[in-house]
Amino acid sequence: MNQIQVLLHTALIDSGHIEKCGLLTRDTSEIKTTSVGYKLEQSDVDTLVNAFNQPTALRKKGLYFNEVYYTCIRADNESIYAKENDRGLILIKTKVYVLFGTFNDRMNPAIAIEAIEKLGDYFKAKEQ
């Protein structure tokens, strides 16, 4: 694992509050890293990176990611929260990245959001 992947695992996956996660580069729509064994299609990467472009439309239409249609709960310039039944998707935009994480029905949504937000704050403080 590379250093950023270790950070994602330590802060998110090992906590037991996030199921899968990743860090995407905003300018190039490239995958910086994901949780171990998690594969993303380029269309999913593009969906997440572009999600912040039209938050109003996103709130109305939701988004399709990783073969799941998510209803948007919150969308603004810095974060997006979406759900599908008892599962969820959280996106955080930083200067350089889009950080995302998913949680399942055995995980507490509020704690999952807090974990992703805190890691997002870390990247923002480093101006990344």
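A salt bridge here is a side-chain nitrogen of Lys or Arg within 4 Å of a carboxyl oxygen of Asp or Glu. By that rule, the side chains of arginine 74 and aspartate 76 meet in a salt bridge, at 2.8 Å from N to O. The model is predicted, so local features need pLDDT of at least 70 and side-chain atom pairs count only at pLDDT 80 or more, while totals for chains, interfaces and linings use all residues. Residues are numbered from 1 along each chain as its sequence is written, and side-chain values use heavy atoms, with hydrogens and water left out.

Start with the sheet. Helices (H or I, at least four residues) and strands (E, at least two) are DSSP runs, numbered from the N terminus. Two strands pair if DSSP finds at least two bridges between them. On those terms, 7 strands form an open sheet in the order β2-β1-β7-β6-β5-β4-β3, with antiparallel pairing. Its edge strands are β2 (30–34) and β3 (63–65), each of which pairs on one side only. Neighbouring strands are turned by 30° against each other on average, direction ignored. Axes are lines fitted to C-alpha atoms, for helices over the stretch in contact, and angles run from 0 to 180 degrees between N-to-C directions.

Now follow β7. Antiparallel to β1, β7 is joined to that strand by 6 bridges. Threonine 25 has tyrosine 97 in β7 as its bridge partner. β6 and β7 also pair in the antiparallel sense, over 6 bridges. The two form a hairpin with 3 residues between them. In this pairing, lysine 93 stands opposite valine 98 in β7. Next along, β5 pairs with β6 (residues 87–93), antiparallel and over 6 bridges. There, lysine 83 faces glycine 88 in β6.

How many residues of β7 are buried? The count is 7 of its 7. Buried means under 20% relative accessible area, exposed over 50%, and partly exposed in between (1.4 Å probe, protein chains only). Both faces of the strand are covered: Tyr97, Leu99, Gly101 and Phe103 lie on one side, and Val98, Phe100 and Thr102 on the other.

Helices lie on the sheet. Helix α2 (residues 42–50) lies across β1, β2, β3, β6 and β7, running at about 145° to β3. Contact means heavy atoms within 4.5 Å.

The largest pocket comes next. A pocket is found on a 1 Å grid over the protein atoms alone, as an open set of points where a 1.4 Å probe fits, with protein on both sides within 12 Å along at least five of seven lines; lining residues have an atom within 4 Å of a point. The volume of the largest pocket is about 200 Å³, taken as the space filled by probe spheres set on the points, which are joined across faces, edges and corners. Its lining includes Thr47, Asn50, Gln54 and Leu58. α2 and α3 (55–61) each supply at least two lining residues. The largest share, 3 residues, comes from α3.

Back to the charged pairs. The structure holds 6 salt bridges. In the opening pair, arginine 74 is partly exposed at 36% relative accessibility, and aspartate 76 is partly exposed at 26%. Glutamate 78 forms a salt bridge with lysine 124, with the closest N and O atoms 3.0 Å apart. This pair links distant parts of the chain, 46 residues apart: glutamate 78 sits in the loop between β4 (68–75) and β5 (79–84), and lysine 124 in helix α4 (residues 109–125). Glutamate 78 is partly exposed at 45%, as is lysine 124 at 27%.
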